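Thanks for coming. I'll go through one structure, chain by chain, and then look at a few details. Please have the sequence and the picture open.

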Amino acid sequence: MTAFQTAIIIAAVALGTMLTRFLPFIAFNGKKPVPKYVEYLGKTLTGAALGLLVVYCFKSVSVTAAPHGLPELISTVVIVALHLWKRNMLLSIAGGTVCYIALVNFVF
Amino acid sequence: MLKALKAAFPKTIPIMTGFIFLGTAYGIYARSEGLAAAEPPDDVDSGKFYFWVTLLNQAYWVTGAAIGSLAGSFIGFEIKGLDFVMTALLVVIFLDNWLKEKNHASSLIGIGAAAVCLLIFGSSSFIIPSMAVIVLLLTVFRKKLEKAVDGK
(Lines give C-alpha, C1' and ligand atoms only; values in the text may rest on other atoms or scores of the structure.)
Protein backbone atom coordinates (compact mmCIF):
# COMPACT_ATOMS: atom_id res chain seq x y z
CA MET A 1 0.00 0.00 0.00
CA THR A 2 1.47 3.33 -1.03
CA ALA A 3 1.49 6.36 1.28
CA PHE A 4 -1.04 7.93 -1.05
CA GLN A 5 -3.47 5.03 -0.66
CA THR A 6 -3.01 5.25 3.10
CA ALA A 7 -3.85 8.94 2.98
CA ILE A 8 -6.99 8.24 0.94
CA ILE A 9 -8.12 5.54 3.38
CA ILE A 10 -7.63 7.89 6.33
CA ALA A 11 -9.54 10.64 4.50
CA ALA A 12 -12.40 8.27 3.60
CA VAL A 13 -12.65 7.00 7.17
CA ALA A 14 -12.53 10.57 8.52
CA LEU A 15 -15.25 11.67 6.10
CA GLY A 16 -17.41 8.66 7.01
CA THR A 17 -17.09 9.23 10.74
CA MET A 18 -17.67 12.96 10.43
CA LEU A 19 -20.74 12.45 8.29
CA THR A 20 -22.27 10.07 10.82
CA ARG A 21 -21.36 12.29 13.77
CA PHE A 22 -22.90 15.39 12.26
CA LEU A 23 -25.97 13.85 10.60
CA PRO A 24 -27.92 13.60 13.87
CA PHE A 25 -27.35 17.33 14.43
CA ILE A 26 -28.82 18.09 11.01
CA ALA A 27 -31.68 15.58 11.28
CA PHE A 28 -32.61 16.44 14.87
CA ASN A 29 -31.90 20.12 15.11
CA GLY A 30 -33.81 20.70 18.32
CA LYS A 31 -36.79 22.26 16.59
CA LYS A 32 -38.69 18.99 16.38
CA PRO A 33 -38.64 16.40 19.17
CA VAL A 34 -36.46 13.35 18.45
CA PRO A 35 -38.69 10.43 17.34
CA LYS A 36 -39.40 8.00 20.18
CA TYR A 37 -37.99 5.08 18.19
CA VAL A 38 -34.68 6.88 17.62
CA GLU A 39 -34.50 7.82 21.28
CA TYR A 40 -35.10 4.17 22.17
CA LEU A 41 -32.31 3.04 19.83
CA GLY A 42 -30.04 5.66 21.40
CA LYS A 43 -30.58 4.01 24.77
CA THR A 44 -30.34 0.37 23.70
CA LEU A 45 -27.96 0.29 20.74
CA THR A 46 -24.89 1.12 22.87
CA GLY A 47 -24.81 -2.18 24.72
CA ALA A 48 -25.60 -4.22 21.61
CA ALA A 49 -22.99 -2.45 19.45
CA LEU A 50 -20.33 -2.98 22.14
CA GLY A 51 -21.33 -6.66 22.39
CA LEU A 52 -20.90 -7.01 18.64
CA LEU A 53 -17.46 -5.37 18.80
CA VAL A 54 -16.31 -7.67 21.58
CA VAL A 55 -17.32 -10.70 19.50
CA TYR A 56 -15.57 -9.11 16.50
CA CYS A 57 -12.31 -8.95 18.46
CA PHE A 58 -12.46 -12.68 19.15
CA LYS A 59 -13.57 -13.69 15.65
CA SER A 60 -10.25 -15.26 14.63
CA VAL A 61 -9.80 -17.27 17.82
CA SER A 62 -9.94 -21.00 17.11
CA VAL A 63 -11.22 -23.19 19.93
CA THR A 64 -10.49 -26.43 18.10
CA ALA A 65 -6.84 -25.77 17.17
CA ALA A 66 -4.05 -25.38 19.76
CA PRO A 67 -3.78 -23.33 21.99
CA HIS A 68 -7.60 -23.48 21.95
CA GLY A 69 -8.12 -19.80 22.67
CA LEU A 70 -6.49 -20.18 26.09
CA PRO A 71 -4.29 -17.03 25.86
CA GLU A 72 -7.38 -14.98 24.97
CA LEU A 73 -9.49 -16.57 27.70
CA ILE A 74 -6.86 -16.13 30.43
CA SER A 75 -6.09 -12.53 29.41
CA THR A 76 -9.79 -11.63 29.30
CA VAL A 77 -10.27 -13.04 32.80
CA VAL A 78 -7.29 -10.92 33.91
CA ILE A 79 -8.86 -7.81 32.32
CA VAL A 80 -12.24 -8.39 33.96
CA ALA A 81 -10.68 -9.15 37.34
CA LEU A 82 -8.40 -6.09 37.20
CA HIS A 83 -11.29 -3.88 36.16
CA LEU A 84 -13.69 -5.13 38.85
CA TRP A 85 -10.92 -4.68 41.41
CA LYS A 86 -9.50 -1.22 40.53
CA ARG A 87 -11.97 0.21 37.97
CA ASN A 88 -8.99 1.80 36.22
CA MET A 89 -9.35 1.60 32.44
CA LEU A 90 -5.67 2.07 31.59
CA LEU A 91 -4.56 -0.47 34.18
CA SER A 92 -7.05 -3.07 32.96
CA ILE A 93 -6.08 -2.60 29.31
CA ALA A 94 -2.33 -2.56 29.96
CA GLY A 95 -2.52 -5.53 32.36
CA GLY A 96 -4.54 -7.65 29.94
CA THR A 97 -2.35 -6.80 26.96
CA VAL A 98 0.93 -7.48 28.79
CA CYS A 99 -0.51 -10.78 30.01
CA TYR A 100 -1.48 -11.72 26.44
CA ILE A 101 1.90 -10.75 24.96
CA ALA A 102 3.67 -12.79 27.65
CA LEU A 103 1.41 -15.81 27.05
CA VAL A 104 1.71 -15.95 23.24
CA ASN A 105 5.49 -15.30 23.26
CA PHE A 106 6.69 -17.38 26.20
CA VAL A 107 4.03 -19.89 27.24
CA PHE A 108 2.03 -21.14 24.24
CA MET B 1 -4.73 9.83 -8.54
CA LEU B 2 -8.32 8.82 -9.40
CA LYS B 3 -7.14 5.28 -10.07
CA ALA B 4 -5.68 5.08 -6.56
CA LEU B 5 -8.95 6.39 -5.11
CA LYS B 6 -10.88 3.75 -7.05
CA ALA B 7 -8.49 1.07 -5.78
CA ALA B 8 -8.69 2.32 -2.19
CA PHE B 9 -12.45 2.81 -1.87
CA PRO B 10 -13.57 -0.87 -1.99
CA LYS B 11 -11.07 -1.66 0.78
CA THR B 12 -12.72 0.91 3.02
CA ILE B 13 -16.27 -0.43 2.59
CA PRO B 14 -16.18 -2.73 5.67
CA ILE B 15 -14.77 0.10 7.79
CA MET B 16 -17.27 2.52 6.29
CA THR B 17 -20.29 0.35 7.11
CA GLY B 18 -18.95 -0.31 10.59
CA PHE B 19 -18.31 3.36 11.23
CA ILE B 20 -21.68 4.42 9.86
CA PHE B 21 -23.40 1.95 12.19
CA LEU B 22 -21.29 2.89 15.20
CA GLY B 23 -21.25 6.55 14.30
CA THR B 24 -25.01 6.70 14.02
CA ALA B 25 -25.39 4.97 17.37
CA TYR B 26 -22.82 7.32 18.88
CA GLY B 27 -24.45 10.37 17.31
CA ILE B 28 -27.85 9.46 18.73
CA TYR B 29 -26.28 8.64 22.06
CA ALA B 30 -24.40 11.95 22.15
CA ARG B 31 -27.56 13.75 21.16
CA SER B 32 -29.78 12.12 23.77
CA GLU B 33 -27.77 11.84 26.97
CA GLY B 34 -24.16 10.93 26.35
CA LEU B 35 -22.87 14.45 26.80
CA ALA B 36 -24.59 14.96 30.15
CA ALA B 37 -21.13 15.42 31.69
CA ALA B 38 -20.60 18.53 29.56
CA GLU B 39 -23.12 21.28 30.31
CA PRO B 40 -23.13 24.48 28.29
CA PRO B 41 -22.91 27.78 30.22
CA ASP B 42 -26.21 29.68 30.42
CA ASP B 43 -25.22 32.31 27.87
CA VAL B 44 -24.16 29.78 25.22
CA ASP B 45 -26.57 28.18 22.76
CA SER B 46 -26.73 24.48 23.66
CA GLY B 47 -27.03 23.32 20.04
CA LYS B 48 -23.86 25.15 19.04
CA PHE B 49 -22.13 24.00 22.23
CA TYR B 50 -22.78 20.32 21.50
CA PHE B 51 -21.80 20.83 17.88
CA TRP B 52 -18.37 22.04 19.00
CA VAL B 53 -18.00 19.26 21.58
CA THR B 54 -18.64 16.72 18.83
CA LEU B 55 -16.38 18.47 16.35
CA LEU B 56 -13.50 18.63 18.85
CA ASN B 57 -13.93 14.97 19.84
CA GLN B 58 -13.96 14.11 16.16
CA ALA B 59 -10.73 16.04 15.58
CA TYR B 60 -9.00 14.06 18.36
CA TRP B 61 -10.19 10.81 16.79
CA VAL B 62 -8.99 11.73 13.29
CA THR B 63 -5.65 13.00 14.61
CA GLY B 64 -5.16 9.84 16.63
CA ALA B 65 -5.93 7.59 13.66
CA ALA B 66 -3.52 9.54 11.45
CA ILE B 67 -0.71 9.45 14.05
CA GLY B 68 -1.25 5.73 14.62
CA SER B 69 -1.20 4.91 10.94
CA LEU B 70 1.92 6.96 10.24
CA ALA B 71 3.74 5.64 13.32
CA GLY B 72 2.79 2.08 12.33
CA SER B 73 4.51 2.44 8.98
CA PHE B 74 7.75 3.64 10.61
CA ILE B 75 8.05 0.94 13.26
CA GLY B 76 9.94 -1.86 11.58
CA PHE B 77 9.48 -4.63 14.12
CA GLU B 78 6.35 -6.34 15.33
CA ILE B 79 5.48 -7.26 18.89
CA LYS B 80 3.54 -10.50 18.70
CA GLY B 81 0.26 -10.15 20.56
CA LEU B 82 0.25 -6.35 20.77
CA ASP B 83 -2.96 -6.25 18.73
CA PHE B 84 -4.73 -7.65 21.79
CA VAL B 85 -4.77 -4.07 23.11
CA MET B 86 -7.83 -3.47 20.90
CA THR B 87 -9.62 -6.46 22.41
CA ALA B 88 -8.65 -5.32 25.91
CA LEU B 89 -9.99 -1.83 25.22
CA LEU B 90 -13.33 -3.12 23.97
CA VAL B 91 -13.71 -5.66 26.77
CA VAL B 92 -13.16 -2.85 29.29
CA ILE B 93 -15.61 -0.49 27.56
CA PHE B 94 -18.20 -3.29 27.35
CA LEU B 95 -17.68 -4.18 31.02
CA ASP B 96 -17.95 -0.52 32.05
CA ASN B 97 -21.22 -0.20 30.17
CA TRP B 98 -22.44 -3.52 31.63
CA LEU B 99 -21.80 -2.30 35.19
CA LYS B 100 -23.68 0.94 34.49
CA GLU B 101 -26.78 -0.39 32.73
CA LYS B 102 -29.87 -1.39 34.68
CA ASN B 103 -30.80 -4.14 32.26
CA HIS B 104 -28.42 -6.35 30.30
CA ALA B 105 -30.86 -7.42 27.54
CA SER B 106 -29.32 -5.18 24.88
CA SER B 107 -25.73 -6.20 25.66
CA LEU B 108 -26.76 -9.84 25.59
CA ILE B 109 -28.55 -9.32 22.25
CA GLY B 110 -25.34 -7.82 20.85
CA ILE B 111 -23.15 -10.71 22.03
CA GLY B 112 -25.71 -13.36 21.09
CA ALA B 113 -26.58 -12.03 17.63
CA ALA B 114 -22.91 -11.51 16.74
CA ALA B 115 -21.91 -14.98 18.01
CA VAL B 116 -24.70 -16.72 16.07
CA CYS B 117 -23.95 -14.72 12.90
CA LEU B 118 -20.23 -15.50 13.27
CA LEU B 119 -21.03 -19.22 13.31
CA ILE B 120 -23.37 -18.97 10.33
CA PHE B 121 -21.61 -16.45 8.06
CA GLY B 122 -17.97 -16.86 9.07
CA SER B 123 -15.46 -14.35 10.37
CA SER B 124 -15.13 -12.24 7.22
CA SER B 125 -18.80 -11.46 6.58
CA PHE B 126 -20.76 -11.59 9.83
CA ILE B 127 -20.74 -7.89 10.74
CA ILE B 128 -23.55 -6.67 8.48
CA PRO B 129 -25.89 -9.62 9.23
CA SER B 130 -25.18 -9.06 12.95
CA MET B 131 -26.13 -5.39 12.73
CA ALA B 132 -29.33 -6.27 10.88
CA VAL B 133 -30.27 -8.94 13.46
CA ILE B 134 -29.50 -6.55 16.35
CA VAL B 135 -31.73 -3.79 14.96
CA LEU B 136 -34.43 -6.33 14.16
CA LEU B 137 -34.39 -7.82 17.67
CA LEU B 138 -34.32 -4.40 19.33
CA THR B 139 -37.30 -3.37 17.20
CA VAL B 140 -39.30 -6.56 17.83
CA PHE B 141 -38.76 -6.43 21.61
CA ARG B 142 -39.10 -2.66 21.87
CA LYS B 143 -42.09 -2.68 24.24
CA LYS B 144 -40.45 -5.05 26.71
CA LEU B 145 -37.00 -3.46 26.46
CA GLU B 146 -38.24 0.10 26.77
CA LYS B 147 -39.78 -0.72 30.15
CA ALA B 148 -36.69 -2.62 31.26
CA VAL B 149 -34.30 0.16 30.24
CA ASP B 150 -36.30 2.82 32.02
CA GLY B 151 -36.38 0.62 35.11
CA LYS B 152 -40.17 0.66 35.40
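A helix here is a DSSP run of H or I with at least four residues, a strand is a DSSP run of E with at least two, and both are numbered from the N terminus. From the N terminus on, chain A then reads α-α-α-α. That makes four helices and zero strands.

Before going on, some ground rules. This is a predicted model, in which local features need pLDDT of at least 70 and side-chain atom pairs count only at pLDDT 80 or more, while totals for chains, interfaces and linings use all residues. Residues are numbered from 1 along each chain as its sequence is written, chains are lettered from A and ligands numbered from 1 in the order in which they are written, and side-chain values use heavy atoms, leaving out hydrogens and water.

Now the surface of chain A. Accessible areas come from the Shrake-Rupley method with a 1.4 Å probe, and for residues only the protein chains shown count as cover. Chain A exposes about 6,000 Å², with 73% supplied by carbon and sulfur atoms. Buried means under 20% relative accessible area, exposed over 50%, and partly exposed in between, with a 1.4 Å probe and protein chains only. Of the 108 residues of chain A, 42% are buried.

Chain B has six helices and zero strands, in the order α-α-α-α-α-α. Its 152 residues are 28% buried. The accessible surface of chain B is about 9,800 Å², and 70% of that belongs to carbon and sulfur atoms.

Next, a patch. Patches are made of residues with over 30% relative accessible area and no salt bridge; like charges are joined within 9 Å, and nonpolar side chains (Val, Leu, Ile, Met, Phe, Trp, Tyr) within 5 Å. A salt bridge is a side-chain nitrogen of Lys or Arg within 4 Å of a carboxyl oxygen of Asp or Glu. Chain A has a nonpolar surface patch made of Leu70(A), Leu73(A), Ile74(A), Val77(A), Phe106(A), Val107(A) and Phe108(A), with about 710 Å² of accessible area together. Which helix gives the most to this nonpolar patch? It is α3(A), with four residues. Val77(A) sits in helix α3 of chain A, and counts as exposed because its relative accessible area is 51%.

His68(A), in the loop between α2 and α3 of chain A, is not a glycine, yet has a positive phi of about 60°. His68(A) is partly exposed, at 42% relative accessible area. Arg87(A), in the loop between α3 and α4 of chain A, is not a glycine either and has a positive phi of about 55°.

Last, the salt bridges. Side chains of opposite charge can pair when their charged atoms come close. How many salt bridges does the structure hold over all chains? The count is one. Glu146(B) pairs with Arg142(B), and the closest N and O atoms are 3.4 Å apart. The two residues are about one helical turn apart, because they are four residues apart in helix α6 (residues 142-150) of chain B. Glu146(B) is partly exposed, at 26% relative accessibility, and Arg142(B) is partly exposed as well, at 24%.
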